[in-house]
Amino acid sequence: MSTTISRTAAVAPARRRRPFNARRAGAWALLLLAIAVSVLPFLWVLRTALSTNSSLASQSASLLPADFTWGAFLRVFGLQSPADAIAEGGSGAAIDFWLYLRNSVIFSSITTAGAVFFSAMAAYAFARLRWRGRNTVFSLFLGTMLVPPIFTALPNFLLIKNLDLLNTMLGMVLPYVFMTPFAIFFLRQFFLNMSREVEEAAMLDGAKHLRIFFQIVLPNAAAPLATLALLTFIGQWNEYFWPLLVGSQDDVRVLQVGLGVFKSQSPQGSPDWSGLMAATLVSALPVLILFAAFGKKIVNSIGFSGIK
Amino acid sequence: MKKSLGAVAAAAVMALSLSACGGGSSSAESAKGEINYWLWDANQLPAYQQCADDFTKAYPDIAVKITQRGWDDYWSTLTNGFVGGTAPDVFTNHLGRYGELAENKQLLALDEAVEKDNVDVSAYNEGLADLWVGQDGKRYGLPKDWDTIGLFYNKAMLTSAGISEDQMKDLTWNPQDGGTYEDVIAHLTVDKNGKRGDEAGFDKNNVDVYGLGLNGGGDSSGQTEWSYFASTTGWSHTDKNPWGTQYNYDDPKFQASMEWFAGLVSKGYMPKLETTVGASMADTFAAGKSAINAHGSWMVGQYTGYKGIEVGIAPTPVGPEGKRASMFNGLADSIWAGTKKKDASIKWVEYLASAECQDVVASKAVVFPALKASSDKAAEAFKAKGVDVTAFTEHVKNKTTFLYPITDNTAKVKGIMEPAMDAVVSGKAPASSLTQMNEQVNALFK
């Protein structure tokens with residue numbers, strides 16, 4: 001109770017000191033505009049998802065859903081018959097939502113866990129171990145960030161094909177699971193800032209590198225690791241091209257690729273906008289939930305500068 | 001990316017198909033199991049699912065698994081499947097693609113089966129079955145449907161412009177002044193102030209409703225964009241069809257037609273090319289932004305499905321040679337050369353091409369089936385839904401169709417002509433620039 005009182009007491013005079021002038025009004029207007037710009041597209045997606053496809057084009061000016069229907073969401077979950085879907089101007093195609101969701105979760109989780117763990121090991125080697133040519137190797141590694149992924153897509157595809165791993169989860173995760181230059185760079189900068197004293201103390205106590213890595217470095221790097229994991233997960237969740245190339249069979253098809261059925265069906269035909277938007281919303285949900293849960297951690301870890 | 005993949009696919013697949021041919025399947029054994037079938041048009045999925053169910057009733061040993069993929073990803077996934085050995089046993093094939101697939105030994109020749117099972121190829125609409133005979137004289141697909149071009153128009157806009165539907169049926173066109181076709185287009189164009197395109201004071205920079213919708217530059221075939229009027233001048237895409245080796249984009253008759261088409265944009269009667277990127281011409285029509293759209297018969301469902309829009313369909317205009325013209329395109333079902341279930345696949349393809357299945361497709365009134373008899377049933381089914389499709393069927397009846405240009409190198413031709421046509425339609429280059437492009441195209445065949 002006392003805290004509430006003291007808080008209001010502290011806030012009230014502050015308010016009186018800053019009268020509502022033109023500058024504040026301008027700031028508010030800018031803020032509201034920024035909110036509108038970032039939120040309106042989502043509202044538009046939601047509005048389209050709740051519309052009947054065949055009415056969308058003729059009622060394009062209205063902010064409310066055109067001929068409100070849950071049909072698009074039913075379509076996404078495979079609860080609508082093709083005939084009903086076509087009657088609503090949608091796509092007669094069904095997606096096996098839960099199967100693709102499972103595949104997406106497996107694909108994103110394996111690649112995230114692998115990439116973060118192996119990148120941490122590599123970053124540790126680059127930051128804490130002294131070996132000949134370390135900096136040269138590191139610059140080479142950084143240099144690979146300049147190679148656009150499209151250049152490696154074809155060689156990777158042929159490699160995976162020759163390994164007979166097309167349409168397997170292993171083939172899908174292999175190019176991502178070990179490491180990415182960005183992750184190594186990101187973690188190396190963090191590890192460089194860690195204090196040497198703790199490490200030296202551990203060495204005096206007889207700890208080897210493996211133990212130092214697992215018991216000192218990893219626990220202390222929990223925040224940046226979480227950030228990296230979240231960023232990687234979101235990236236993998238949205239990955240489209242590689243899963244499209246390698247995982248075209250149903251049992252490994254991921255959600256992003258599955259959404260393709262709502263895109264244009266025939267040459268020059270319009271996409272099933274409602275279905276596409278509904279599916280996009282549903283597929284974005286897991287990432288939104290993750291973000292809501294761990295968003296604070298990201299902000300913290302970016303502000304965090306290591307043990308001083 | 002796609003192109004390089006295609007090249008690799010071609011190379012990798014040679015080896016694959018050789019091994020596939022060597023085995024030679026024994027008949028009774030392999031007509032069993034599950035075969036995979038791919039198509040891209042989800043609107044036809046219910047019809048083909050029913051065909052598959054009926055088929056399995058007739059052949060209990062064979063199950064058909066249908067996979068639908070959007071047009072955008074269909075061909076890249078298919079090519080990948082050829083390389084990776086995961087392609088479907090049977091798939092819907094397109095005239096613009098099958099030449100290259102046949103060249104790369106991806107497709108199973110059906111001649112033996114057609115002869116053995118007495119498939120009557122004369123029962124299909126004239127010319128359709130011949131399209132699927134490759135340069136080597138072998139048959140690579142059995143026709144499933146066909147399409148022609150018509151003019152979709154907004155009835156309310158016609159009424160308020162004082163143009164009758166009978167007038168729409170008798171339009172004429174020529175490359176000099178555009179004939180009554182251009183008159184109607186101009187009159188249906190309305191600017192922001194309500195002035196029509198043929199009235200004094202028309203503001204061509206602030207147009208509210210365009211007389212004619214635009215889908216794009218039309219790349220090498222101009223199927224729905226310009227082929228329906230350019231071909232009324234006696235011009236044709238290639239020296240012979242199918243399997244021509246010379247393209248005719250340097251013909252003055254063609255260039256005059258394109259000059260007229262690009263002129264519609266500069267006069268403000270047709271939207272600018274850049275506004276069509278990422279937009280659907282049909283949706284723009286439904287939003288009331290264009291009064292007439294030249295489009296294919298496969299779009300009937302979409303145009304008549306819009307709520308609150310009354311749509312009529314008129315035949316394409318009569319040209320200088322006194323006839324209408326429409327590209328005649330057809331799809332077919334082909335078998336992948338690498339299939340492990342050859343006999344079952346042949347049975348399924350023959351079933352897809354049979355009256356049993358094509359009548360089912362006809363009854364859904366989505367496309368026109370390839371068989372003459374089923375085609376008529378489809379027209380009836382459309383009529384029952386209140387849609388008059390004579391604009392499309394008349395082309396076939398009056399033999400005013402010309403075939404989709406089938407040649408080698410179609411992907412490369414498209415690669416050269418797409419930017420060239422875009423430049424002409426957007427007014428960045430004169431139609432005479434196509435002469436030089438034509439030389440590049442023809443050099444591909446030397």
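Me: How many residues from chain A and from chain B does the contact take?
Reply: In this predicted model, chain A puts in 40 residues and chain B puts in 38 residues.

Me: Okay, and what area is buried between the two chains?
Reply: About 3100 Å² is buried between chain A and chain B, and carbon and sulfur atoms give 55% of that. On the chain A side, A:Gln265, A:Pro267 and A:Gln268 lose the most area to chain B, together 19% of what that side buries.

Me: Let me ask about A:Thr52. Where is it found, and is it buried or exposed?
Reply: A:Thr52 sits in the loop between α2 (22-49) and α3 (53-56) of chain A. Its relative accessibility is 6%, so A:Thr52 counts as buried, the cut-off being under 20%.

Me: What is A:Thr52 in contact with, leaving aside neighbours within four places in sequence?
Reply: In chain A, the contacts of A:Thr52 are A:Ala66, A:Asp67, A:Thr69, A:Glu88 and A:Ser274, and from chain B there is B:Lys307.

Me: Switching to chain B. What's the strand order in the open sheet?
Reply: The five strands run β6-β7-β8-β5-β9, with mixed pairing. β6 (190-191) and β9 (311-314) are at the edges with a single partner strand each, so one side of each has no neighbour in the sheet.

Me: And which helix packs on that sheet?
Reply: Helix α9 (residues 179-188) of chain B does, touching β5 (149-154), β6, β7 and β8. The direction of α9 makes about 160° with that of β7(B).

Me: In what sense do β7 and β8 of chain B pair?
Reply: They pair in the parallel sense, over two bridges, with β7 covering residues 207-212 and β8 residues 290-296. B:Leu212 has B:Ile292 as its bridge partner in β8(B).

Me: Now α11 of chain B. How far apart are its end C-alpha atoms?
Reply: They are 21 Å apart, which agrees with the 21 Å that the 15 residues of α11 (residues 252-266) should span at 1.5 Å a residue.

Me: Which residues in α11(B) are buried, and what covers them?
Reply: Among the buried ones are B:Phe254, B:Met258, B:Trp260, B:Phe261 and B:Leu264. Their cover includes α9, β7, α10 (227-230), α18 (410-425) and α19 (434-443) of chain B.

Me: What's going on at the start of α11(B), and what follows the helix?
Reply: At the start, a side-chain oxygen of B:Asp251 comes to within 2.7 Å of the backbone nitrogen of B:Lys253. After the helix comes B:Gly268, with a positive phi near 85°.

Note on methods: Residues are numbered from 1 along each chain as its sequence is written. Chains are lettered from A and ligands numbered from 1 in the order in which they are written. This is a predicted model: local features need pLDDT of at least 70, side-chain atom pairs count only at pLDDT 80 or more; totals for chains, interfaces and linings use all residues. Side-chain values use heavy atoms; hydrogens and water are left out. Two strands pair if DSSP finds at least two bridges between them. Helices (H or I, at least four residues) and strands (E, at least two) are DSSP runs, numbered from the N terminus. Contact means heavy atoms within 4.5 Å. Axes are lines fitted to C-alpha atoms, for helices over the stretch in contact, and angles run from 0 to 180 degrees between N-to-C directions. Buried means under 20% relative accessible area, exposed over 50%, partly exposed in between (1.4 Å probe, protein chains only). The expected span of a helix is 1.5 Å times one less than its number of residues. A polar contact is a pair of N or O atoms within 3.5 Å; within protein, one must be able to donate a hydrogen and the other to accept it, and residues adjacent in sequence count only if both atoms are side-chain atoms. Buried area is the accessible area (1.4 Å probe) that two parts lose on being put together, summed over both.
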